[in-house]
Amino acid sequence: MLSSRIVRAAPLRTAALAVRRLPLIQTRTFLPESMVGRAKLDEKYPDSDYPKLTAAEDPEMNGGYINPPRVKRQFRDPHADWWDKQERRNLGEPVHEDNDILGIFSTYEYTWISPGKGLAQVGAFIVVFLGVVFTVKQVYPDRVSYPREFEGGLVRELGGEGGIRARMEGDEDP
């Protein structure tokens with residue numbers, strides 16, 4: 001009786017689920033095309049003020065933006081009279097395209113030592129370290145590594161007769 005009710009109710013349940021499903025594609029806006037269409041955007045924001053430059057006129061392909069010299073802000077004079085003292089920048093000064101790399105908060109560049117001198121210092125450290133290790137090895141005596149001998153071979157302590165006994169006096173050398 002119950003199983004026949006379940007069989008009869010299954011198609012109704014699937015039909016009810018199909019009715020309540022959400023659409024697969026959602027509508028993102030309800031504004032009419034006359035308000036947000038391409039023609040309206042061209043009317044509001046014309047491209048006439050944007051320069052049309054050729055590849056020869058604009059080799060960097062940045063729309064004619066004039067980049068200042070590529071100088072990292074850390075190398076600018078910290079004691080100069082900057083408008084923004086922390087970023088070392090003046091008001092109205094154009095920002096370089098790579099400001100995230102050239103800004104004061106990017107990775108600090110270590111310039112006070114040349115690569116050759118740095119390599120020499122690392123080499124000197126390795127030579128001194130290995131010299132200390134060799135000196136310690138020559139001066140510090142090695143421990144004698146020889147098995148201990150026990151009276152009676154610790155037969156009783158290791159389980160009695162038939163058990164494995166420890167080394168005792170008179171056994172052959174290992």
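Mentor: Phe129 is partly exposed, because its relative accessible area is 49%, a value that falls between the limits of 20% for buried and 50% for exposed. Keep in mind that this is a predicted model. Phe125 has a relative accessible area of 57%, so Phe125 counts as exposed. Both residues belong to helix α5, where 4 residues, or about one turn of the helix, separate Phe125 from Phe129.

A pair of aromatic rings is described by the distance of the centres and the angle of the planes. A search of the whole structure gives 3 aromatic pairs. In one of them, Tyr110 and Trp112 have ring centres 5.1 Å apart and planes at 90 degrees, so this pair is edge-to-face. Tyr110 is exposed at 60% relative accessible area, and Trp112 is exposed too, at 63%. Phe125 and Phe129 also form an aromatic pair, with 6.3 Å from centre to centre and 20 degrees between the planes, and this pair is stacked. The stacked label applies because planes under 30 degrees apart count as stacked. Ring pairs also join Tyr108 to Tyr110 and Trp112 in a cluster.

Val122 is partly exposed, with a relative accessible area of 48%. On the surface, Val122, Phe125, Ile126, Phe129, Leu130 and Val133 form a nonpolar patch. Together these residues have about 600 Å² of accessible area.

Charged side chains make contacts of another kind. The structure has 6 salt bridges. One of them joins Arg38 and Asp42, with 3.5 Å from N to O. These two residues are 4 residues apart in helix α3, which spans residues 38–44, and about one helical turn separates Arg38 from Asp42. Arg38 is exposed, since its relative accessible area is 57%, while Asp42 is partly exposed at 41%.

A salt bridge also connects Arg70 with Asp98, where the closest N and O atoms are 2.6 Å apart. Here the pair links distant parts of the chain: Arg70 and Asp98 are 28 residues apart, and both lie in the loop between α3 and α4. Arg70 counts as exposed at 51% relative accessibility, whereas Asp98, at 28%, counts as partly exposed.

Glu87 and Arg73 form a salt bridge as well, at 3.3 Å from N to O. Both residues lie in the loop between α3 and α4, so this pair ties together parts of the chain that are 14 residues apart in sequence. Glu87 and Arg73 are both buried, which means that each has under 20% relative accessible area.

Methods. Residues are numbered from 1 along each chain as its sequence is written. This is a predicted model: local features need pLDDT of at least 70, side-chain atom pairs count only at pLDDT 80 or more; totals for chains, interfaces and linings use all residues. Side-chain values use heavy atoms; hydrogens and water are left out. Patches are made of residues with over 30% relative accessible area and no salt bridge: like charges are joined within 9 Å, nonpolar side chains (Val, Leu, Ile, Met, Phe, Trp, Tyr) within 5 Å. Accessible areas come from the Shrake-Rupley method with a 1.4 Å probe; for residues, only the protein chains shown count as cover. A salt bridge is a side-chain nitrogen of Lys or Arg within 4 Å of a carboxyl oxygen of Asp or Glu. Buried means under 20% relative accessible area, exposed over 50%, partly exposed in between (1.4 Å probe, protein chains only). Rings of Phe, Tyr and Trp (its six-membered ring) pair if their centres lie within 6.5 Å; planes under 30 degrees apart count as stacked, over 60 as edge-to-face and the rest as tilted.
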